[in-house]
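Welcome! Here is a short tour for someone meeting this structure for the first time.

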Amino acid sequence: MKFNTKAIHSGQHPEETSGAVMPPIFQTSTYVQEAPNVNKGYDYARVGNPTRTALEKLIAGLEDADECACFASGCAAMDAFIKMYRPGDHIIASDDLYGGTYRMFTKVFEPFGIDFTFVDMTDISKVEEATTDQTKLIWIETPTNPLLRVVDIEALTGYAKSKGITTLVDNTFASPYLQMPLHLGADAVLHSTTKYLGGHSDVIGGAIATSNDEIMEQLRFQVKTTGAVPGPMDCYLTLRGIKTLHVRVQRAVENAKAIAEYLESHPQVGEVIYPGLKSHRQHEVAKKQMKDFGAMVSFTLKDDNVESAKEFMSSTSVFALAESLGGVESLINHPASMTHGSIPKEVREKVGLKDSLIRLSVGIEDSEDLIEDLEQAF
Ligand SMILES: *Cc1c(COP(=O)(O)O)cnc(C)c1O
């Protein structure tokens, strides 16, 4: 099956008792057993729920993975994954990554004795230098957030394999429609389904897909034991969202391209960062590993001043000033004070995240209206 068909049908079948075409919301906490420990595959809803199973099968299909485990949020999925590691283990992560990931690694897991090194993964020699005998995991985020750097997944997973190191790709920014990390050698792929998969900014969720049985067994153990699971209604909403993933992302990417070109030729704009622009430093890598270039665009104003950037962000009306991304509606965001406020200023500056940076999550409105909205803000 090809992608668009999979987005609608993968792992989905009519419900058995009624023939309902869409998966019902199984709002139950427990399941009747025929005899002690004899059941229909479900015993208690922390462990499993048929609506959640339908979602897990759909995401696994999209990532071409054997299995997927869903969580209450992207952060809950990350938390479950890192709990596979032990004090003394070393993990290498991108230095430009989701603010909440950085916060979890440094504030929750470092105090428990897991070591992290954050490096610019666009330069693979930096990853090689950071590798120690204790390195167990390379945590890749690409395109990165919010600087939209593109990491060569295949090169990095090739290196990791030669050292026996596990690799995980946070694929939230690209979505499986644009990028398939498992095909590029990654062991696991993670999503905040809150973003493109859900796609309508109305539900929080997370997922990890893998074809590695050992990893999946540990994740299922985490699901059962620590219980950060999504409710059936949330699973239903995410399922409903995914069925239009390809149509939404395709349209959002078209809009993002038009906006990136508009911004690049605007006299009041400083730098425009969009992997689809020839001026982007990893444009060729993006072309190689992504089907298209995504719908996130970051830029600075020519005067490079924080106050005028903030004024700009408060002057749009179609673009809503809000955190998050990947929904049908366009959003504008100030990473330094909003999504990446939990990263200390010195660390932000070191990776090149300026306080004047503006990040756009481009939605599926008419591009003329979006550009007009930006124009009046200038
Ligand atoms: C939002 C996000 C997360 C965290 O997901 P939540 O669903 O908000 O917990 C992780 N990684 C990336 C890249 C994100 O954008």
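How many Å separate the centres of domain 1 and domain 2, taken over C-alpha atoms? The answer is 25 Å. Before we go further, please note that this is a predicted model, in which local features need pLDDT of at least 70 and side-chain atom pairs count only at pLDDT 80 or more, while totals for chains, interfaces and linings use all residues. Residues are numbered from 1 along each chain as its sequence is written, and side-chain values use heavy atoms, with hydrogens and water left out.

## Two domains

The protein chain is assigned domain 1 (3–242) and domain 2 (245–377); such bounds come from an automatic or database domain assignment. To the contact between them, domain 1 brings 43 residues and domain 2 brings 41 residues. Contact here means heavy atoms within 4.5 Å.

## The nonpolar cores

In soluble globular proteins, nonpolar side chains tend to be buried together. A nonpolar core is a set of buried Ala, Val, Leu, Ile, Met, Phe, Trp, Tyr and Cys residues joined through side-chain atoms within 4.5 Å. Buried means under 20% relative accessible area, exposed means over 50%, and partly exposed lies in between (1.4 Å probe, protein chains only).

The largest nonpolar core has 80 residues, and those touching the most other members are Met121, Ile138, Leu263, Val297, Phe299, Ile358 and Leu360. Helix α9 (residues 245–264) gives the most to this core, nine residues in total. Both domain 1 (3–242) and domain 2 (245–377) supply at least three residues each to this core. Another core lies apart from it and has 30 residues, including Phe81, Ile82, Trp139 and Met216.

Leu263 is worth a look of its own. Beyond its neighbours within four places in sequence, Leu263 is in contact with Val269, Val272, Val297, Phe299, Leu360, Leu374 and Phe378.

## Two pairs of helices

Two packed helices are described by the angle between their axes and the distance between the axes. Axes are lines fitted to C-alpha atoms, for helices over the stretch in contact, with angles from 0 to 180 degrees between N-to-C directions. Helices (H or I, at least four residues) and strands (E, at least two) are DSSP runs, numbered from the N terminus. A crossing is left-handed if the near helix is turned anticlockwise from the far one by less than a right angle, and right-handed if clockwise.

Helix α2 (residues 50–62) packs against helix α8 (residues 232–242) at about 35°, and their axes are 8 Å apart. This crossing of α2 and α8 is left-handed. On the α2 side, the residues involved include Leu55, Leu58 and Ile59, while those of α8 include Tyr236 and Leu239. The contact of α2 with α8 has 10 nonpolar, two polar and one charged residues, where Asp, Glu, Lys and Arg count as charged, Ala, Val, Leu, Ile, Met, Phe, Trp, Tyr, Cys and Pro as nonpolar, and the others, Gly among them, as polar.

Within α8, the buried residues are Pro232, Cys235, Thr238, Leu239, Gly241 and Ile242. Their cover includes α1 (3–9), α2 and α9.

The second pair is α9 with helix α13 (residues 367–377), whose axes come within 10 Å and cross at roughly 35°. α9 passes α13 in a right-handed crossing. Among the residues making this contact are Tyr262 and Leu263 of α9, and Leu370 and Leu374 of α13.

## Loops and backbone details

| Site | Detail | Value |
|---|---|---|
| Thr142 to Pro143 | cis peptide bond | omega near -10° |
| Asn145 to Pro146 | cis peptide bond | omega about 5° |
| Ser175 | positive phi, not a glycine | phi near 75° |
| Asp304 | positive phi, not a glycine | phi about 55° |

Pro143 is found in the loop between β4 (135–141) and α6 (153–163), and Pro146 is in the loop between β4 and α6 too. Ser175, in the loop between β5 (166–170) and β6 (188–192), is buried at 1% relative accessibility. Asp304 sits in the loop between β9 (296–301) and α11 (306–313) and is partly exposed at 35%.

Is His340 buried or exposed? His340 counts as buried because its relative accessible area is 0%. Its place is the loop between β11 (331–333) and α12 (345–351), and the residues His340 touches include Tyr98, Asn145, Pro146 and Arg359.
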